[in-house]
Amino acid sequence: MSHIEVRDVSLVYDTPAGRVPGVQAANFDIEASEFLCLLGPSGCGKSTLLNIIAGFLSPTGGEIRIGGKAVTGHGLDRGVVFQDFAQLFPWRTALGNVTFGLEMKGVPKQEREEIALKQLQLVKLEKFANAYPHHLSGGMQQRVAIARALAYNPAVLLMDEPFAALDAFTRDDMQRLLAEVWRETRKTVIYVTHNVAEAVYLADRVVVMTPHPGTVKIEVPIRLPRPRDPLSVEFLEYQKELLRQLGPAATGQATNGKAND
Amino acid sequence: MASATAGAGGRLRAFALNAYPFVVVGALWEMVARLGIFPPRLFPPLEEVAAALVRLTVAGILPHHAYETLLRLFAGFAIAAVAGVAVGIAMGRSRRAEDIFLPLVSIGAPIPGVAYAPLFMLWFGLGSFSTILLVGFVSAFPIIFNTWTGVKAVKEIWVRSAQAMGADNRQLFRQVILPGALPYILTGLRLGVAQAWRILVVVEMLAAVPWGLGWLIFGAREFLNTDVMLAGIFVIGLIGLTLEKHVFARLERYTVVRWGMMAS
């Protein structure tokens with residue numbers, strides 16, 4: 001399985017106002033099958049970093065290595081789930097969306113539909129295989145997106161605030177479901193969020209980032225048994241610790257999370 | 001789409017609603033015709049128009065005219081559709097194509113199609129060939145514009161998703177750009193066919209074609225055959241409506257409306 005190394009990764013944006021550092025010298029590792037959260041407020045470069053790992057952006061300095069090989073562009077070893085519900089193709093059914101990657105790979109129709117149906121079962125949507133995305137709720141669309149990213153069996157799942165646009169109840173359900181999916185598939189997951197409780201609930205390790213410029217401040221391993229209880233004292237202790245690391249500026253933005261469910 | 005769900009009663013109601021304005025206009029027409037405000041020869045009552053319609057249809061004359069016109073329409077529109085979609089996609093995908101075509105298309109589009117007609121006749125002669133070319137040329141503009149807009153409107157996140165799932169450029173084009181731009185392309189084709197239809201009938205009057213609805217109407221003027229002219233106009237309207245309702249509306253229903261990309 002792939003071990004991911006983030007080595008001195010920097011990205012400087014050229015804007016009309018001058019050169020703006022997006023990410024500055026980020027360094028960390030991700031073990032195979034690890035669930036890693038990138039946590040930080042807006043502008044800390046966490047999404048930029050994820051897009052670099054996904055291969056959508058090229059770093060201006062440093063490199064990403066997956067299984068020892070430097071990343072150049074996107075590849076089927078990484079599946080991506082975005083925040084925007086619109087990521088699904090509206091002209092394809094849920095099943096058609098999930099088969100897309102396999103179709104690009106040239107997997108025969110019957111085989112890819114069998115695989116896709118299994119992925120839909122994993123996210124509990126097999127009954128909606130033939131529904132078009134506009135007939136599905138936001139939470140269901142995001143589940144299809146997860147199934148779609150898993151269908152061609154990438155080693156790594158990259159998720160950019162996939163549940164941030166959902167209501168609080170649906171988000172809690174999604175987090176539980178994702179924890180289950182991760183336990184069953186043992187994928188390496190890199191999950192971007194600005195929600196402290198979400199990070200503590202999901203992650204093996206949290207990489208805390210701070211803005212202006214976007215830098216990695218500290219890595220916090222979450223040593224709690226799963227499934228995790230968001231109301232336990234230890235859980236709340238981790239939240240406090242992360243909030244302390246994020247600093248006073250981030251506190252207002254990062255607390256509106258899971259603590260009250 | 002209420003009629004589809006409401007059953008036979010609803011369908012009848014929908015039909016009555018659609019027919020109602022025509023009944024009113026028809027009644028007014030009859031009134032004016034019978035009052036003798038205009039000479040009957042110039043303003044015939046509806047039954048005479050209907051009689052002309054039946055007579056010309058039975059004799060096979062009207063179908064022949066309609067057939068020739070439709071042939072030119074489809075030939076011209078086919079050229080416009082293929083060329084228009086191709087140019088529109090090129091403009092949407094390539095900066096260079098956009099720089100070349102956009103100024104040309106922006107200048108060409110607002111010029112009324114008929115203005116080109118004398119030029120086409122001098123270049124390509126009278127008859128069907130120049131008519132088809134002109135129809136193709138003029139109706140390509142809305143198709144180009146809409147296709148271009150549609151390709152530009154394809155969401156970046158679809159492209160990224162497809163690339164992340166291993167789509168190469170050809171797959172990206174066929175599986176994402178085309179379906180993503182389809183709502184706009186369909187609108188372009190719909191406007192294109194309407195444009196083709198309008199210019200075609202006019203050019204048939206000018207280009208000395210041997211058959212065609214435009215020629216039928218124009219020719220009938222010589223003999224003050226207003227009933228024939230009205231019969232021809234009626235058929236033109238009927239064909240236009242059929243194309244709209246049974247070709248384009250249906251095409252949209254099966255694709256972009258079903259996908260939630262366009263409201264029904």
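Modeller: We shall take the sheets, one residue and then the second chain in turn. Please keep in mind that this model is predicted.

Colleague: What holds the strands of a sheet together, and in which senses may they pair?

Modeller: Strands in a sheet pair through hydrogen bonds of the backbone, in either a parallel or an antiparallel sense. In chain A, an open sheet of four strands runs in the order E2-E1-E4-E5, and its pairing is antiparallel. Strands E2 (18-30) and E5 (69-70) of chain A are the edge strands, each pairing on one side only.

Colleague: Which helix of chain A packs on this sheet, and which strands does the helix touch?

Modeller: Helix H1 (residues 46-54) of chain A does so, touching strands E1 (4-15), E2 and E4 of chain A. The direction of H1 makes about 115 degrees with that of E1(A).

Colleague: How is the pairing of strand E4 with E5(A) described?

Modeller: Strand E4 (residues 61-66) of chain A and E5(A) pair in the antiparallel sense, over two bridges. A:Arg65 has A:Ala70, in E5(A), as its bridge partner.

Colleague: In which sense do E6(A) and strand E7 of chain A pair, parallel or antiparallel?

Modeller: E6(A) and strand E7 (residues 156-160) of chain A pair in the parallel sense, over four bridges. For A:Val80, the bridge partner in E7(A) is A:Leu158.

Colleague: Where do the side chains of a regular strand point?

Modeller: They alternate between the two faces of the sheet in a regular strand. From strand E6 (residues 78-81) of chain A, A:Arg78 and A:Val80 point one way, while A:Gly79 and A:Val81 point the other way; all are buried.

Colleague: Is A:Ala54 buried or exposed?

Modeller: A residue counts as buried when its relative accessible area is under 20%. A:Ala54 has a value of 3%, and it is therefore buried. This residue has its place in helix H1 of chain A. Leaving aside residues up to four places away in sequence, A:Ala54 touches A:Gly73, A:His74, A:Arg78, A:Val80 and A:Leu158. A:Ala54 and A:Arg78 are 24 residues apart in sequence, yet 6.7 Å apart in space, C-alpha to C-alpha.

Colleague: How many helices and strands does chain B have?

Modeller: Chain B has 10 helices and zero strands. The C-alpha trace of chain B spans about 75 × 55 × 30 Å along its principal axes. Of its 264 residues, 42% count as buried.

Colleague: How many positive and negative side chains does chain B have?

Modeller: There are 21 positive and 13 negative side chains in chain B, and the centres of the two sets lie 10 Å apart.

Note on methods:
Residues are numbered from 1 along each chain as its sequence is written. Chains are lettered from A and ligands numbered from 1 in the order in which they are written. This is a predicted model: local features need pLDDT of at least 70, side-chain atom pairs count only at pLDDT 80 or more; totals for chains, interfaces and linings use all residues. Side-chain values use heavy atoms; hydrogens and water are left out. Two strands pair if DSSP finds at least two bridges between them. Contact means heavy atoms within 4.5 Å. Axes are lines fitted to C-alpha atoms, for helices over the stretch in contact, and angles run from 0 to 180 degrees between N-to-C directions. Buried means under 20% relative accessible area, exposed over 50%, partly exposed in between (1.4 Å probe, protein chains only). Lys and Arg count as positive and Asp and Glu as negative; His and the chain ends are not counted. The place of a charge is taken as NZ of Lys, CZ of Arg, CG of Asp or CD of Glu.
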